[in-house]
Amino acid sequence: MLPAILQHGKGYHEMGPIRPPSEGRDRSLLLRITRNCPWNRCEFCRTYKNKPYGLRSVAEIKADIDTVKALAGELKATSWRLGYRGTINREVVAAFINANPSLYSEAYSEPSVVQRRLESLANVVHWLSSGARTVFLQDANAPQIRTAEMVEILNYLKENFPSIERITSYARSKTMARKKLEDLMRLREAGLSRLHIGFESGCDEVLAGVKKGTTAAEHLLAGKKVREAGFELSEYYMPGLGGRKWSQKHAVESAQVLNEIDPDFIRLRTLVPRRGTPLYDRVLAGEFEPLTEDEVVEEIALFLEHLDCHAYLASDQMCNLLWEVEGQLPDDKSAILNTIHEYLQKPLYERLKIQLERRLSSYLFIAGHLKPDLSADVEAAWEAVDSRAPDAPVKVQKVLDIVKAAFI
Ligand code: SF4
């Protein structure tokens with residue numbers, strides 16, 4: 001018989017729309033502490049557009065943790081029953097779903113509820129399969145809630161799952177700058193161990209231009225405080241965010257602020273103006289001049305030349321062109337710069353080829369196939385590159401604009 005929380009509860013734990021790629025790689029349990037973004041005004045971001053910010057009660061979150069625990073217990077029990085000695089594999093998951101039509105059949109529940117239950121189950125399965133070691137608290141700014149509440153949630157998580165080794169969340173610099181150091185230390189002691197901050201830029205003109213709602217001084221204060229409280233800190237820098245106007249200042253001042261913070265990770269997340277955002281409209285209106293692929297790479301080189309810290313530089317986002325621009329600073333700095341310069345020194349048509357190959361491979365990873373109307377443009381771009389036609393850059397750019405619009 002199913003535990004009461006699965007029989008009478010929602011049958012799923014609530015999850016938000018995104019998490020950092022590193023949390024996906026580590027197959028973290030995703031647990032929603034707050035809904036959406038309390039700021040929601042950054043001009044380049046559409047993740048939570050038109051979705052209201054909301055707090056969740058501690059009781060609701062504890063019920064979600066109870067649901068995860070019940071699902072984990074049932075999956076393990078199914079595994080032992082089938083002779084797999086606790087291992088969670090496809091057969092176990094299929095047997096569990098088939099044995100519980102009241103949870104997973106559309107004959108008993110709304111399709112949208114069944115969908116949520118299946119997504120929740122998939123998250124729990126992946127988490128268990130990777131040792132149930134890491135948890136990511138969603139959404140955009142989980143530490144905004146009262147410290148005492150967050151501590152209660154963290155304690156409850158660890159009591160129920162002693163296997164947890166790392167708990168992380170996104171955080172806004174504005175919030176971290178305002179939060180007392182003692183509160184941050186309490187969160188750290190309670191088990192929140194890594195914070196991912198959307199730094200984007202250390203240049204005030206850029207931050208104000210995209211309505212980030214944070215200044216370079218607040219980034220610095222927040223980053224230093226987070227480090228002092230003992231967190232691992234991951235800062236996201238957004239190449240291209242200053243457009244052509246601010247590109248150099250954006251690169252240099254961002255590096256300077258990050259040098260002072262000295263985070264554990266700096267993650268590159270190249271700007272892709274997205275349809276439906278104010279920044280995209282500004283691009284169309286000619287008010288924001290986006291950088292070309294090569295100009296972004298040049299900006300990253302300038303940024304890196306000015307970096308003097310001990311962070312691991314990661315390029316783990318699909319929107320980056322050169323995923324190999326990655327390594328431990330300061331030791332790998334010259335090797336990373338060599339990689340960048342090797343790319344920039346290639347002849348134009350070779351660079352265009354790299355751009356087409358990489359962007360199309362990311363697109364195919366998401367979309368699965370080329371839409372027929374795009375196929376013709378792709379063919380024309382390849383032909384122009386192969387024949388070194390003068391209009392090759394324009395044709396390649398047309399394809400890039402279409403495929404990058406599909407990026408997450
Ligand atoms: S703070 Fe983060 S989630 Fe919120 S609007 Fe800005 S980029 Fe998006």
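## Residue classes and the model

Ala, Val, Leu, Ile, Met, Phe, Trp, Tyr, Cys and Pro count as nonpolar, Asp, Glu, Lys and Arg as charged, and the others, Gly among them, as polar. These classes are used below for a predicted model.

## Domains

The domain assignment of the chain lists domain 1 (1-130), domain 2 (172-345) and domain 3 (350-404). Taken over C-alpha atoms, the centres of domain 1 and domain 3 are 38 Å apart.

## The second largest pocket

The second largest pocket holds about 550 Å³ of space. It is lined by 21 residues, and those closest to its centre are P273, P290, Q397, D401 and K404. Two or more lining residues come from each of α13 (278-284), α14 (293-306) and α18 (392-404). Of the elements, α18 gives the most, with four residues.

By class, the lining of this pocket has 12 nonpolar, four polar and five charged residues. Domain 2 (172-345) and domain 3 (350-404) each supply at least three residues to the lining.

## Strand β6 and its partners

Strand β6 (residues 192-200) is mostly covered, with nine of its nine residues buried. Strand β5 (residues 166-171) runs parallel to β6 and is joined to it by five bridges. In this pairing, I167 stands opposite L192 of β6.

Strand β7 (residues 232-237) also runs parallel to β6, and five bridges join the two. Here H196 stands opposite S234 in β7.

## Around the ligand

Which residues surround the ligand? They are C37, N40, R41, C42, F44, C45, Y48, A140, R172 and K212. This shell has six nonpolar, one polar and three charged residues.

Notes. Residues numbered from 1 in each chain as written. Predicted model: local features only at pLDDT ≥ 70, side-chain atom pairs only at ≥ 80, totals over all residues. Heavy atoms only, no water. Domains from an automatic or database assignment. Buried < 20%, exposed > 50% of the residue type's maximum accessible area, 1.4 Å probe, protein only. Pairing = 2+ DSSP bridges. Near = heavy atom within 4 Å. 1 Å grid on protein atoms, 1.4 Å probe; cavity = no way out; pocket = protein on both sides within 12 Å on 5 of 7 lines; lining within 4 Å. Points joined across faces, edges and corners; volume = space filled by probe spheres on them.
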